[in-house]
Amino acid sequence: MAVLDVRDLSVAYGDHVALRDVSLRIEPGQILGLLGPNGAGKTTLMNAVVGAVRPRAGAISVCGVDVAAHPRRARAYVGYAEQEIAVFPTLTARENVRDWAAICGVPRRQQDEAVAATLSALLLDRIADRQVRTLSGGQRRRVHCAMATVARPPLLLLDEPTVGVDPGTRRAVLEHVRELADAGTAICYSTHYLPEVEALQAEVVLLADGTVATRGGVADLLDRYGSTVIDLRIA
Ligand code: ATP
């Protein structure tokens, strides 16, 4: 069974159709790279998966649970690092991640270990006990990413998780994502950077204007589209 199953999804904001007839599946252990220019619909797709925007048509299920019918049950299977960083500024990085682990139902006796492992994977140990309001933008984004992954949900949605993250630390983020997939997590990874998708050995769905323009492996896309896709490599 696919962890995420999106069928013929259409979403509109008033008259503006942001997604049209989008279908995709993500299996356990699979990383799907979601690419596409600004406004293509990547964030809208993720917001629909967590029930934050209501589809005009189509259906979404997470771990077999229909999102429209059972939004809370479906949401419990998803870790979501939104594009907008949402952390508690006066709590420390460790407290943010631990509180989130508790909210997500990580048993109390496992929380410290899960939090420490996640902070360490994202190279946050040294700054774990500083209030988040004193951290840099890239550090905050990594704390936010840690909150999404700490409970090891079956489905992870990461919306441009490396924006503002320096190259060395970006590698750590990508390694963490790859390790989670290797342990069975299904991951939807939105990015503007094709090299990240290559590094993750992800399948790609390229959205354009709210529809799936193409999909496949990176090598396959480069073969088929050459410079159009290579443009994405400039970053
Ligand atoms: P980016 O790469 O810039 O993050 P994206 O692919 O994530 O872009 P979305 O944020 O999903 O794109 O936006 C898809 C379309 O929907 C855009 O045309 C955008 O202007 C529109 N849109 C997004 N959110 C809203 C909203 N709350 N109200 C109205 N229109 C919206």
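Tutor: The account below concerns helix H3 and its contacts with helices H4 and H5. This is a predicted model, in which local features need pLDDT of at least 70 and side-chain atom pairs count only at pLDDT 80 or more, while totals for chains, interfaces and linings use all residues. Residues are numbered from 1 along each chain as its sequence is written, and side-chain values use heavy atoms, with hydrogens and water left out.

The protein averages a pLDDT of 93, and 96% of the residues score at least 70; pLDDT is the predictor's confidence in each residue, from 0 to 100. The model has an ipTM of 0.98 and a pTM of 0.93.

Helices here are DSSP runs (H or I, at least four residues), as strands are (E, at least two), numbered from the N terminus. Helix H3 covers residues 93-103 and helix H4 residues 108-121. Their axes come within 10 Å and cross at roughly 130 degrees; axes are lines fitted to C-alpha atoms, for helices over the stretch in contact, and angles run from 0 to 180 degrees between N-to-C directions. H3 is therefore oblique to H4, given that angles under 35 degrees count as roughly parallel, over 145 as roughly antiparallel, 65 to 115 as roughly perpendicular and the rest as oblique. The crossing of H3 and H4 is right-handed, a term for the near helix being turned clockwise from the far one by less than a right angle; anticlockwise is left-handed.

On the H3 side, this contact (heavy atoms within 4.5 Å) is made by Arg94, Val97, Arg98, Ala101 and Ala102, and on the H4 side by Gln111, Asp112, Val115 and Leu119. By class, five of these residues are nonpolar, one is polar and three are charged. Ala, Val, Leu, Ile, Met, Phe, Trp, Tyr, Cys and Pro count as nonpolar, Asp, Glu, Lys and Arg as charged, and the others, Gly among them, as polar.

The crossing of H3 and H5 is right-handed. H3 contributes Ala93, Asn96, Val97 and Trp100 to this contact, and H5 contributes Val143, Ala146 and Met147. The contact of H3 with H5 has six nonpolar residues, one polar and no charged residues. Val97 of H3 is listed in the contact with H4 and also in the contact with H5.
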